[in-house]
Each structure stands twice: as structure tokens, then as C-alpha cells.
Amino acid sequence: MGSDVSGLDWYLQINLKARHLRLLVTIDAYRNLSQVAEVTHVTVPAVSKSLAELERGIGLSLFSRTSQGLLPTPYGECLIRHARTMLSVLHQARDELKALSSGTEGKVHVGMLPATASVLLPQALALLKSQSPGTNVTVVEGTTASLLPELWQGHLDLVVGRMPPPDALGSFEERELLDEPVTLMTGVHHPLAHRRTVKWADLRDYPWILPPPGSLLRDPLERVLEAHDVPLSNNYIETLSVHVARTQLQVSDFIAVMAGTLANDPAQPLHVLPLALPRLARPTGVLWNRNRGLTPSAQRLLDCLVETASQLKNSLPSEPSPRRPRGKAQAST
């Protein structure tokens, strides 16, 4: 199916409708006309006719009919990708209009990297709600691999957490918020928490709570431990959940690497091992899509994040410092 450039331009600007965008995304999700007809509550011939009209109007074949179902062509993949973005923009416009008409102040969709934003984001949300009760927030936890595509596609307004390497940012704007020291932590009952001095070799006999492979801290941590001849045993737990890590440290003799602010909860105190770590990752920050900009409600949350980070900086130690019930630790390398 050939394409007339002027006809394509006319169709995209004048005749392409939101129902066409929804049709493309739905077909891509199910790859089967019968299922598409079922979820859209129309007949199979009606779905087939709508797709044929869309392809004829654009002048390009968007899907290939195969034994595995409808598979998008390169043209289809391109248009589907943009259809998702346009539908997301329309949904955001809908949400903002509903908020304005109901007297609320908008909604923000935030992605959170839990291992680094679990202290910063909740406090920023509390500040946001104290200043603007009508600004509502949806928070989704995930990894950089899962959250950044959502940010790019417009499903998220902001992503908060440990910032990825600069060359991975693409079209994302970033703002550094908090340069938290990364420390080695145990529970206060841990055998190493009662020693006056701790050496790297002392870590060899204990299990670990590790960030999963591919996470921002895993490879740098492994390199540091290897440099100090501390092999990782086969006894470990991999998680990004701060709740799981904190709870496990409370009830067992695991060692974990965590951001410094996580040791400051008096309800669940942790012990910081007096072993200096180099900078393992970039600071905690916030990312957004520079091509889309920020809605007023997202900007409001960003301002609260900046203010909260400024307050938290005053509580961060410049050096890893142990907290034990008696005695005074001496740093050992």
C-alpha cells in the first residue's frame, strides 16, 4: 500500500480522531479482531471496517494478517507509539479539566524508586497536602527500566529516586535533590554492631541483602566488595523493597547497603557499619520529560520535593557514623 505524502498530511491533521488512536492501541494489545470487538463492544466487521478505513486514509498498511494474528508493520509500530502518547495527553487534559470543574487542583502521577525515595517522597507528599489538599497524587513503585518508559510515554509526570547515568537520560530533564551517603547497615543486635572496630574481612561470614542485578547499586557494590576481598556468598536476598530490607535487618544477621536517611527512623533503628564506601551511584533526584513540560500540579510537587530535600540535607551525616548502645566505633579500612 503506497502513501501519498500530501494525503497523509491531510488525513493526520484533519481526519484522524481519538477513536482511531484507541483502535490502534487496542489492536496492538490483543492482536485479534474478535477480542478487540469484544472489549470495544462492537462487531468484528465494524472493527475490520474501521481499520481498513484508517489504513486507506493514511495510505499505509499498519498491520499484517498472519497466523499469529494481527502484527504491526513498521508503519503501525510508529503510529501506535505516537497514539499512546497522544491518548496520554488527552487523558491528562481530561483530568485537569475535571479537577478545575470540581474545584480540585489537579493530579500528579509519580514513579518512585523505592530504595532511594522512600523517605524523601512521603515527606514531600505530606508537605504538598498541607499546602494544597486538592492536589491528588498517584504513586507507582518500580525500577528505572520500568518507570522511564512510562515517563517518556507520558503516563508519569515525575520519577523520583536515584538518578540514572547521564547518557541514559535522553530527553529527560533532571533536578538533583539529595546526595545521600550510601552505607553498610545491620540491625542493632548484629554481632558486628557490638565491636569497637570493624574490618572489611569481618563481613565475610554474614548473609547479604542485595539490590537486584541490573539495579543502579548492584554492580558498583560488587566492585567495592571485590576490591576488599569480600566475596558474596550464596546466602543472600535480592530486593528493592525498603520494608523487606529493614524488617530482615531487624530479625537476622544480614548486611545491607542502603541510603543514609533510612537509618534515622527511631521506631526501627539500624546500625551503620563504620566502613567508608566510595560514591556508588548518582544523587537522588527527580526526572521529567522535557518535551512535555510540567503541569501546574506536577510543578507544585516538584517545589515540595526541593523544599523537603533541603530539610533532609541537614540530617545527613558527612561520614558513615556508627550508632551502638555503648562504646565508640573507630573507622577501619
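**Exercise 1. Determine which residues lie nearest the centre of the largest pocket, and describe its lining by element and by class.**

Solution. Begin with the lining of the largest pocket, which consists of 28 residues, with Ala-115, Pro-211, Ser-215, Leu-217 and Leu-240 nearest the centre. A pocket here is an open set of points on a 1 Å grid over the protein atoms alone, with protein on both sides within 12 Å along at least five of seven lines, and lining residues have an atom within 4 Å of a point. The model is predicted, so that local features need pLDDT of at least 70 and side-chain atom pairs count only at pLDDT 80 or more, whereas totals for chains, interfaces and linings use all residues. Residues are numbered from 1 along each chain as its sequence is written, and side-chain values use heavy atoms, with hydrogens and water left out.

Next, assign the lining to elements, which are DSSP runs numbered from the N terminus (helices, H or I, at least four residues; strands, E, at least two). Two or more residues each come from helix H6 (114-117), helix H8 (144-153), strand E8 (208-210), helix H10 (242-251) and strand E10 (255-259), and the largest share, four residues, belongs to E10.

Finally, sort by class: the lining has 19 nonpolar, eight polar and one charged residues, where Ala, Val, Leu, Ile, Met, Phe, Trp, Tyr, Cys and Pro count as nonpolar, Asp, Glu, Lys and Arg as charged, and the others, Gly among them, as polar.

**Exercise 2. Identify the residues that line the largest cavity, and classify them.**

Solution. A cavity is a set of grid points where a 1.4 Å probe fits but cannot get out. The largest cavity is lined by Gln-92, Asp-95, Glu-96, Lys-107, His-109, Asp-157 and Thr-295, and three of its lining residues, the largest share, come from H5. By class, this lining has no nonpolar, three polar and four charged residues.
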